[in-house]
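Here is a short report on one protein model. Keep the structure in view as you read.

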Amino acid sequence: MAEFKRQSPVRFTASPIETEERDHWTVALEYENEGHGPWIGDLAHKARWDLQDGGLEDITPCDLIIPEIPGQCTFSGDMLINRMNRTQASIYHLGSEAPPIPDFQGYTDVSESSVFLALFGPNIFSVAEKLTRLDFMEPGNTAPFLLQGPFCHVPCQIVVLDSGVDGGFLLTCSRGYGDSMVHAILEAGAEIGLRPAGEKRFGSWIAALNRE
Amino acid sequence: MALTLTCPVCGKRNGYEFRYGGEDKGPRPAEEGLTPRAWCDYVHMNTCTVGIQKEWWCHRDGCGAWFTTFRDTTKNLEVKPPEAENGQA
């Protein structure tokens, strides 16, 4: 079989100083001069599944329960399950490896059809509020929670993992918006030092969230 | 004042996130005995209510849900269902 390569929909101008080949993706582990935050991380190589079924309450992806109410999320270890509506949930695998997709017709692997970014670190919500009118700080929402709405005028799924000052969120949208989305976010965050970060820094953030 | 609408999944959001889907005309007419004129009226004719009207909307930039809600066309504001205001809902 011919060798093939998976390509992230986003590109950073910064150069990675350490990379790793993983499942045909080139994963940036660390960038030069990542700074003190906030950071933007490209997570295109992380597996994402959509699940659609009329009986979601009877399905337990990787032994986790799907939240009952749209907007709620289940976050355990490296796995995040987001309830989108009555019949749909999205599943993100945030670790370095994902389990094989379950043999059930309701699952669709959408990893290569979407942009997947992590925005985290000090004052990251100051960047976000320039680009969206979605309310990340609504008192009625307890992190993690899912917002479905426009970011840079693009329909997105946004999961706020930590709404604190040093918190952060994950963002997915259609693949074609990748370059312009990253350009807009980096422009908006330039004044507070937003810089690309590799998977190591993202992994540390997720590990810290799991310890809390 | 800008229109806000209440999506059943995402809650109250800016009206620019939604796509208008037309007046709610009730269920599709039965095909048995349906005349071309009656079908044409169902598809194309609107009541254009001046006041509170039941409408279809789609949360285009959000969850994608289609839902019905009530809007006061004279003020361009979402309002409670008329029966709810009378305490019947």
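Chain A of this predicted model has 3 helices and 13 strands. The radius of gyration of chain A is 17 Å, close to the 17 Å that the globule rule gives for 212 residues, so chain A is as compact as a globular protein of that length. The C-alpha trace of chain A spans about 50 × 45 × 35 Å along its principal axes.

**A sheet in chain A**

Strands of a sheet pair through backbone hydrogen bonds, either parallel or antiparallel. In chain A, 5 strands form an open sheet. Their order is 5-6-7-4-8, and the pairing is antiparallel. Which strands stand at the edges? They are strand 5 (73–76) and strand 8 (107–109) of chain A. Each has a single partner strand, so one side of each is left without a neighbour in the sheet. On average, neighbouring strands of this sheet are turned by 15° against each other, direction ignored.

Strand 5 of chain A runs antiparallel to strand 6 (residues 79–83) of chain A, and 4 bridges join the two. One pairing can be named: A:T74 has A:I81, in strand 6 of chain A, as its bridge partner.

**Two helices that meet**

Two packed helices are described by the angle between their axes and the distance between the axes. Take helix 1 (residues 124–131) and helix 2 (residues 178–189) of chain A. Their axes come within 9 Å and cross at roughly 120°. That makes helix 1 of chain A oblique to helix 2 of chain A. The crossing is right-handed. The table lists the residues that make the contact.

| Helix of chain A | Residue range | Contact residues |
|---|---|---|
| Helix 1 | residues 124–131 | A:V127, A:K130, A:L131 |
| Helix 2 | residues 178–189 | A:A184, A:I185, A:A188, A:G189 |

What classes of residue does this contact of helix 1 with helix 2 of chain A have? By class, there are 5 nonpolar, 1 polar and 1 charged residues.

**Where chain A touches chain B**

The contact between the chains takes 8 residues from chain A and 9 residues from chain B. Which strand gives the most to the side of chain A that touches chain B? Strand 10 (residues 145–151) of chain A does, with 3 residues. By class, the residues on that side of chain A divide into 4 nonpolar, 3 polar and 1 charged.

How values were computed: Residues numbered from 1 in each chain as written. Chains lettered and ligands numbered in written order. Predicted model: local features only at pLDDT ≥ 70, side-chain atom pairs only at ≥ 80, totals over all residues. Axes fitted to C-alpha atoms, helices over the stretch in contact; angles between N-to-C directions. Parallel < 35°, antiparallel > 145°, perpendicular 65-115°, else oblique. Left-handed = near helix turned anticlockwise from the far one by under 90°. Contact = placed C-beta atoms within 7 Å. Nonpolar A, V, L, I, M, F, W, Y, C, P; charged D, E, K, R; others polar. Pairing = 2+ DSSP bridges. Rg over C-alpha atoms; globule rule 2.2 N^0.38 Å.
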